[in-house]
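Trainee: Hi, could you walk me through this one? I have a few quick questions.

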Amino acid sequence: MLEIKNLHVSIEEKKIIKGLNLSINKGEVHALMGPNGSGKSTLSYVLSGKDKYEIDEGTIEYNEKNLLELDVDERANEGLFLAFQYPMEIPGVQTSFFLKTAINSKRKYLGHSEMDALEFAKLMKSKAEELNINTEMLKRDLNVNYSGGEKKKQEILQMSMLSPKMAILDETDSGLDIDALRIVSEGVNKLRSKENSFLVITHYQRLLNYIKPDFVHIIADGRIVKSGDYSLALELEEKGYEEISKSA
Amino acid sequence: MELTLNLDKIQSDNVSKYAKTILDKQNPYKNFKIENYKYAQLHRDITSETLLRDIDISELLRISKNISSLTSNPVDLASDLNLWKYKNDDSFFRVSSLLKRDTSSINLDLIDDKNLFLDISQINENIHFFKSSKNVINLIIMNSKANDEYPKSIFFDISNNSNLNVIHFNISNYKSFLYFESNLQDNSHLNFVSFQSDNIHTRNEFYASLNLECNFDLFGLNINNYGVNDNYSFIQHLKPSSSSREIFKSIVEKGAITNFQGKIYVDSIAQKTDGYQMSRSLLLDDISKANNKPELEIYADDVKCSHGSTVSKLDEDQIYYFKSRGIDSEMAKKILKKAFIAEIIESIKDDNLRDYSNNIIESLLT
């Protein structure tokens, strides 16, 4: 599904990612954990295709395609989804209109006809209910005056409506209370299947109690320093980043 | 450009002297340094190779009554030219239009229909409207394909307790210089929306005088223009407890220059005035320009007045967010431009006219 080889990335000549390798197969859930400034968010932006990041070296293959050759919207329509740590506020654009435009853009890209209004409304309502989102909220401007938790739920709603093949969750747990964390995690777990893969980026082991990963990687100073199964997350919680990175 | 104006039709020496002073001292066609006209570039002949498009008004005519044939009642405004009722320099546009043109009057109370249509580009005169009833009238003022370097004036006299909604379509003009003056008596309301698009050299002046407890809303939208397009407003609050709300938005591209200059004036006895002014410009490229100049002049101490002005470009991070959801950059930009101006379209109260305006703006957003 996703194959990152010897990735080197810099921004404004500052090296952030320094030789990162990561391979995610269909149906797998990988967790990426690391301290502030280790390159976690940079990796998520690079995968989604945000400009300003310079790829100095390395390759990223996604579904047998060269990911780095695809534009941001093409990556999204090919089934890659990034749930943002800080979702953008878009004043003047209704949330439901945004969702509909996104869904129809993907359908157009895949050569399908537009989803009719009724079908869309049904889909949105059922997905919103799963995430305990009040449908009234979807009439409001996208993310404008949403609380931190509402913004994160909105990201997961977008994800579940677009049903991506490869979803990257960038610190989706930050700013969530315990109830919202549970609801968001359930939303993610519903999407788990043999066909879909996840990369869950987080500081804390807590999220991984709800979304059980198949693999856990620890990133420090731009490269993965240790990989293991779920028990690595528990070990990390106990010992902290510094000790684990040293022992690696 | 230079205007040839005839003072012969003025009988009184006083008026003639007054007119001469304005024409000599405040003539922006000769002197580009006059403060209220400083961005309008009237001393230059602004042209463009662009062929302006025709706009389809059949839908507007279907939902409204054409009152163009009713503009035959002459009224003499030129003889009182020197009775300027506003607290700042007289408008050169007002004075020159009254000297150049005859003025016709229309009493809106004599017409039964709710939506009225008038194409001012087909009329040579200035127009003086009267409204003295409470019933809601939506007056559509069309100005299209004008190529006239002489200013033209439109006056609104709105009596006590009366209401009027005006929608001004200023689309596809080569040269058009308009002066709008609205005199609102006690407890009256005026809602004025001005859509400006596809123009080469235009200036619109909006003067309004507000008495006791009246309310004036002025919304302007300026998109897809060429050359120089200029808006000037002067809103004076003369009596207590009146409110004005003014929002101008422009999207500027293709090397066009868009200007907004607006003043709110509050007289010393106009306590409890509530005045709001916002001008926002979206610049889409590096060769276009937006000049915004907000001004407040307040002599009362118990008032609420605010103004704001922004010039920005489309937010790259917002476009990235759209793209990250599969929406291509062209579509994202169109949606963001529409979001920027949505507030102006939504200010139209009549559903049919709002839908019509929405459709026409949609087709003009490139």
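Trainee: What sits over the ring of A:Tyr45?

Mentor: That is the charged end of A:Lys50, 4.7 Å from the ring centre. A charge counts as over a ring if NZ of Lys or CZ of Arg is within 6 Å of the ring centre and within 35 degrees of the ring normal. Before we go on, this is a predicted model, where local features need pLDDT of at least 70 and side-chain atom pairs count only at pLDDT 80 or more, while totals for chains, interfaces and linings use all residues. Residues are numbered from 1 along each chain as its sequence is written, chains are lettered from A and ligands numbered from 1 in the order written, and side-chain values use heavy atoms, leaving out hydrogens and water.

Trainee: And which residue lies over the face of B:Phe93?

Mentor: B:Arg203, at 5.5 Å from the ring centre.

Trainee: How many aromatic pairs are there over all chains?

Mentor: The count comes to 30. Rings of Phe, Tyr and Trp (its six-membered ring) pair if their centres lie within 6.5 Å; planes under 30 degrees apart are stacked, over 60 edge-to-face, and the rest tilted. B:Tyr29 and B:Phe92 are a tilted pair, because their planes are at 45°, with the centres 5.7 Å apart.

Trainee: Which residues does the ring cluster link?

Mentor: Ring pairs join B:Trp84, B:Tyr86, B:Phe155, B:Tyr179, B:Tyr207, B:Tyr232, B:Phe234, B:Tyr265 and B:Tyr299. As for B:Tyr265, its relative accessible area is 8%, so it is buried.

Trainee: Switching topic: what is the makeup of chain A in helices and strands?

Mentor: Chain A has nine helices and 12 strands; these are DSSP runs numbered from the N terminus, helices (H or I) of at least four residues and strands (E) of at least two.

Trainee: What share of chain A is buried?

Mentor: Buried residues make up 53% of its 248 residues. The C-alpha atoms of chain A fill a box of roughly 55 × 40 × 35 Å along the principal axes.

Note on methods. Buried means under 20% relative accessible area, exposed over 50%, partly exposed in between (1.4 Å probe, protein chains only).
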